[in-house]
Amino acid sequence: MKNDRKYNKNNEKIEYTYEFLVKRSQELLEFLFEKMNTSKNNVKMLLKNNQISVNGSTTTQFNYMLAKEDIVRISKKPMPKNQSSNLSKKEFKKLPKIEIIYEDENYIAINKPYDMLSVEDDKNNKSAYFYVEEYLTNIDKRLRPYIIHRIDKETSGVLVFAKNPVVQSILRLNWDEYVKIREYVAIVEGHMNKDSEKIISYLLEDENNLMYVAKGQEGQKAITNYKVIKKNNAYSMLKVLIETGRKNQIRVVLKSLGHPIIGDIKYNSTKNPIKRLGLHASLISFVDPITKKEITIKSKIPSSFQSFFE
């Protein structure tokens, strides 16, 4: 629980009195009643007044089903209508087009553009989650996405959401067990010493929230595999497979090898020839915990990556 503030798209300040991280699936009214130690009537009034948001989108549904990793916020005052989810079909058509690359009864995956958050933060609620939620609720008001994993704001590519809380809860609890392949394409400065390599690192986070490779075996174990697939005079394109999903793993490991990803100011890159971070999530493969079938979802390598080596 903490104080928090952000701005809506009209640059109006929104102040939050509470923020809660959801740890298990349950209905919103029940969750708020437990957390806020107040009457259900008071909670219902907050919902009616448009003062409660889930993952950046306001809701007035008391039976809204929450899932693990959702973020619930309560504002001091009613939020403006443009902060709400469930846009009209006319409003929805005005949103930027997001490419849906896979959808079935339980999952939806998009090709997330670079420079877009997976889930909203304190300054921007127009995240991938927001657009997927609008897409689903325009089909059926009862539908919503559930967070399975995230990719960095600056990274483009495959991003998968569940469409029901049961599947999401199972996957979130044992994601490393169910995910089989996490493939990325990266463009780095210079030429690698080896055409392919498996790197075992141990990652720590400093006081500025930056990850770094520890000298010993202290920290989170990270396993990263790469293979050079293209190169020119000054740069290399790599196919990268990660066996662990640590924060900024690919970025910090490649930086530690002396070959930062282009456009990665955060991790000391000084080159930005394609005007974006040179990292793209190209493929993910995971086992559906219900059907036990393996689902593989691919995203094409961005044209800017390809043309850079032509």
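Leaving out neighbours within four places in sequence, Ala214 is in contact with Tyr202 and Leu204. Ala214 sits in the loop between strand E14 (211-213) and strand E15 (220-231). The model is predicted.

- Ala214 is buried, because its relative accessible area is 13%, under the 20% cut-off.
- Ala214 and Ser256 are 42 residues apart in sequence, and their C-alpha atoms are 10.0 Å apart in space.
- Asn233 belongs to the loop between E15 and E16.
- Asn233 is exposed, with a relative accessible area of 79%.

**Helix H5**

- Helix H5 spans residues 165-173, and its buried residues are Pro165, Val167, Gln168 and Leu171.
- Exposed Val166 and Leu173 are carried on the face of H5 turned away from its buried side.
- The cover over the buried residues of H5 includes strand E6 (65-66), E9, E10 and E11.
- Helix H6 (175-178) and E17 are also among the elements covering those residues.
- Asn164 caps the N-terminal end of H5.
- In this cap, a side-chain oxygen of Asn164 lies 3.1 Å from the backbone nitrogen of Val166.

**Helix H1**

- In helix H1 (residues 28-36), the buried residues are Leu28, Leu29, Phe31 and Leu32.
- Seen down the axis, the buried residues of H1 fall within an arc of 160°, so they line one face of the helix.
- Asn37 follows H1 and has a positive phi, near 55°.

**The E17-E18 hairpin**

- Strand E17 (residues 279-287) and E18 run antiparallel and are joined by five bridges.
- E17 and E18 form a hairpin, with six residues between the strands.
- Lys292, in the turn, has a positive phi of about 70°.
- Across the pair, Ser285 stands opposite Thr296 of E18.
- Strand E18 (residues 294-298) has a covered face made of Ile295 and Ile297.
- Glu294, Thr296 and Lys298 make up the uncovered face of E18.

**Salt bridges**

- The count of salt bridges comes to 13.
- Side chains of opposite charge can pair when their charged atoms come close.
- Lys153 forms a salt bridge with Asp115, with the closest N and O atoms 3.9 Å apart.
- Lys153 is in the loop between strand E10 (146-147) and strand E11 (156-162), while Asp115 is in the loop between strand E9 (107-112) and helix H4 (128-139), so the pair ties together parts that are 38 residues apart in sequence.
- Lys153 counts as partly exposed, at 33% relative accessibility.
- Glu243 and Lys198 meet through their side chains in a salt bridge, at 3.5 Å from N to O.
- This pair links distant parts of the chain, 45 residues apart.
- Glu243 lies in the loop between strand E16 (235-242) and helix H7 (249-256), and Lys198 lies in strand E13 (residues 196-205).
- Glu243 is partly exposed, with a relative accessible area of 40%.
- Lys198 counts as partly exposed too, at 49% relative accessibility.
- Arg142 and Asp140 form a salt bridge through their side chains, at 2.9 Å from N to O.
- Arg142 is exposed, with a relative accessible area of 74%, whereas Asp140 is partly exposed at 23%.
- A network of salt bridges links Asp152, Glu154, Arg251 and Asp264.

- Glu19 has its place in strand E2 (residues 13-21).
- Glu19 counts as buried, at 16% relative accessibility.
- The side chains of Glu19 and Arg73 are joined by a polar contact of 3.0 Å.

Methods: Residues numbered from 1 in each chain as written. Predicted model: local features only at pLDDT ≥ 70, side-chain atom pairs only at ≥ 80, totals over all residues. Heavy atoms only, no water. Buried < 20%, exposed > 50% of the residue type's maximum accessible area, 1.4 Å probe, protein only. Helix = DSSP H or I, 4+ residues; strand = E, 2+ residues; numbered from the N terminus. Pairing = 2+ DSSP bridges. Salt bridge = Lys/Arg side-chain N within 4 Å of Asp/Glu carboxyl O. Contact = heavy atoms within 4.5 Å. Polar contact = N/O pair within 3.5 Å; in protein donor to acceptor, adjacent residues only side chain to side chain. Arc of directions from axis to C-beta.
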